[in-house]
Amino acid sequence: MQRKRSPGRVRLSEIFTSIEGEGVLAGTKTLFVRLAGCPLKCHWCDTPYAIPMDSGNDISIDEVKKMIAGELQPNTYKVNFTGGEPLAQADAVIELAKFAKSMGVKTYLESACFDAGKFARVLPYIDICKVEFKLRDARAVDDNNYPTLLKNELECLKIAVAAGKKPYIKVVVTNSSDQEELADLAGKVFSNISRKNIAGFIIQPSYGIDEPLLDRLFAFYDAVYPLYEQVRVVPQLHKLIGAR
Ligand code: SF4
């Protein structure tokens, strides 16, 4: 259940600077603002401590702005609003993104795109975004809610493209993921948007749980390549260098 937050307050998990480990901007110095609480339940989630809606600390948005100002290091490429699920606290993300932009740093939204309405509200304050698609084997939602999740993800992609944000797409795969499902997903994606309007299609192997073997990674790559030659298999860099 999503809980209403008091105005001016946010449930915060953590703030820290690290090397971005995912996607097309892997390798950039990034200030992570991890909001607490996620309505999804991916079985391979690598931040399970940030899933409970009452995890983290209840803190004023003004206090978080001070933390961002205090944490922001020179040459930081972007502030990454992540989670948990940042859209679960969309109003707080808007306020904090406005503040980050006022400090001259780019804003980035790392969301599971479960709610296209909230995504559309936050997007004007976001410079760069990823649109994540969950395969069924992620178990992010119950089977009967999966079509709604997929619809929202596709809608978020269309909204981001229409806003000229040039999003990139990420899909986490495990050894148990279904390559035909991924091919079908790629078909849906590229029948809705033009290739030139996205910044990449990242297939991210799960880490530590049901990790895909090389032959499975080839199968996933081959599922997308006929539709998008720029598909890439990219593991999480921060795990490899021991950063969080
Ligand atoms: S959407 Fe993200 S934070 Fe939520 S359960 Fe899935 S991986 Fe974890």
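Predicted model: local features only at pLDDT ≥ 70, side-chain atom pairs only at ≥ 80, totals over all residues.
The buried residues of helix α4 are L149, E153, L154, C156, L157 and A160. Here, buried denotes 20 or more other C-beta atoms within 10 Å of a residue's own, exposed 12 or fewer, and partly exposed in between, with C-beta atoms placed from the backbone. These residues cover an arc of only 155 degrees around the axis, which puts them on the same side of α4; the arc is that of the directions from the helix axis to the C-beta atoms. On the other side of α4, P147, T148, K151 and A162 are exposed.

Residues are numbered from 1 along each chain as its sequence is written.

What do the buried residues of α4 pack against? Their partners are α3 (116-122), β6 (128-133) and α5 (179-192), where contact requires C-beta atoms, placed from the backbone, within 7 Å. Helices (H or I, at least four residues) and strands (E, at least two) are DSSP runs, numbered from the N terminus. After α4 comes G164, with a positive phi near 75 degrees.

Turning to the whole protein chain, there are seven helices and nine strands. Of its 244 residues, 40% count as buried. Among contacts with a separation of 6 or more, 78% join residues 24 or more positions apart. The C-alpha atoms fill a box of roughly 45 × 40 × 35 Å, taken along the principal axes.

Conventions
Contact = placed C-beta atoms within 7 Å.
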